[in-house]
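Here is a note for a colleague who is opening this entry for the first time. Please keep the sequence and the structure in view while going through the numbered points.

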Amino acid sequence: MGKFDGIYMLSDMDGTLLDTNTHDISEENISAIKYFMSEGGRFGFATGRLVSELRRFDDLIGTNAPSVACNGSKVYDFRTGEKVFVDELGEDIIPFLRMVVEKYPNVMIEMTSDDTLYYYRPNSSLEHHKSISDITFTVTPHYTEIPHPWVKLAVWDEPEAIKEFARSVDMTLFPGDYNFMYSYKYCCEISTRRADKGNALFEARKMLPDVCTVVAIGDNENDILMLKNADISFVPSNAVPSAKAEADVVLQCDCNHSAVAEAIRLLEERL
């Protein structure tokens, strides 16, 4: 019997598991996660990133449970290569997208099609995106040329500009079955209501009948439903106030000082 038998931990990446300076996982976090799994725990990522972006991190850790990608639009199991859950945007998003393109000429449009990122109207925020990701970026002459199905839509700009966009965007054309999230300081994301980390947590848990406790750790607004739906929730000290308000435990460490390792140590003390 392992210390962490029956426990499934889902961790956000940017702002939680990854160091913001290196954009990688600290050795302390890697060691703690491997210890957690060696004692029977199940571990997966829960992130807005694509499955293809997560492969190099999975190579470091060797996740032993399903991971959440695209902010809940996909649940993927690296052990089997299986897409456990996929949810897609419908044609009803197009009027809203058209309005954004016409009314906000300076924002960059990002569309996720299967496991490829497409960009329309690149701006300075694309350089930031490239600095934190090692995937291939495909620029398209127009958003109508991006192949369907679309898994996720994101709008990118500099931090102050994207805050203003989130505040002022005209939501009258926004479909009722979709979520609009200010998920990162450079972007807002749109996905179906079913495609959030909270629902994805339930979809992933279905694949693990032996799990009795789900632990979640995240730092931003797009993590809140996951934190709510977990049995135990942690946030790093750098988390936004709304995430801190939802968490069971606000950690002393931030994402640059191995917050996930601290969460695992505290979890072990509870057992």
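1. Phe4 lies in the segment before strand 1, where strands (E, at least two residues) and helices (H or I, at least four) are DSSP runs numbered from the N terminus. At 0% relative accessibility Phe4 counts as buried, a word that stands for under 20% relative accessible area, with over 50% called exposed and the range in between partly exposed (1.4 Å probe, protein chains only). Phe4 and Phe96 are 92 residues apart in sequence and, C-alpha to C-alpha, 45 Å apart in space.

2. A caution on the source: this is a predicted model, in which local features need pLDDT of at least 70 and side-chain atom pairs count only at pLDDT 80 or more, while totals for chains, interfaces and linings use all residues. Residues are numbered from 1 along each chain as its sequence is written, and side-chain values use heavy atoms, with hydrogens and water left out.

3. The protein has nine helices and 14 strands. Its radius of gyration, taken over C-alpha atoms, is 18 Å, close to the 18 Å that the globule rule gives for 271 residues, so the protein is as compact as a globular protein of that length; the rule is 2.2 Å times the number of residues to the power 0.38. Along the principal axes the C-alpha atoms fill a box of roughly 60 × 35 × 30 Å, and buried residues make up 58% of the 271.

4. Five strands form an open sheet with parallel pairing, in the order 2-1-12-13-14, two strands being paired if DSSP finds at least two bridges between them. The edge strands, each of which pairs on one side only, are strand 2 and strand 14 (249-250).

5. From strand 1 the chain crosses through helix 1 (residues 27-38) to strand 2 in a right-handed β-α-β crossover, meaning that, with the strands pointing away from the viewer, the path from the first strand over the helix to the second runs clockwise. In strand 2 (residues 42-45), Arg42 and Gly44 point one way and Phe43 and Phe45 the other, and all are buried.

6. Which strand does strand 1 join through five bridges? The partner is strand 12 (residues 213-217), which runs parallel to strand 1; Met9 stands opposite Val215, and Ser11 has Ile217 as its bridge partner. Five of the five residues of strand 12 are buried, so this strand is largely enclosed by the rest of the structure.
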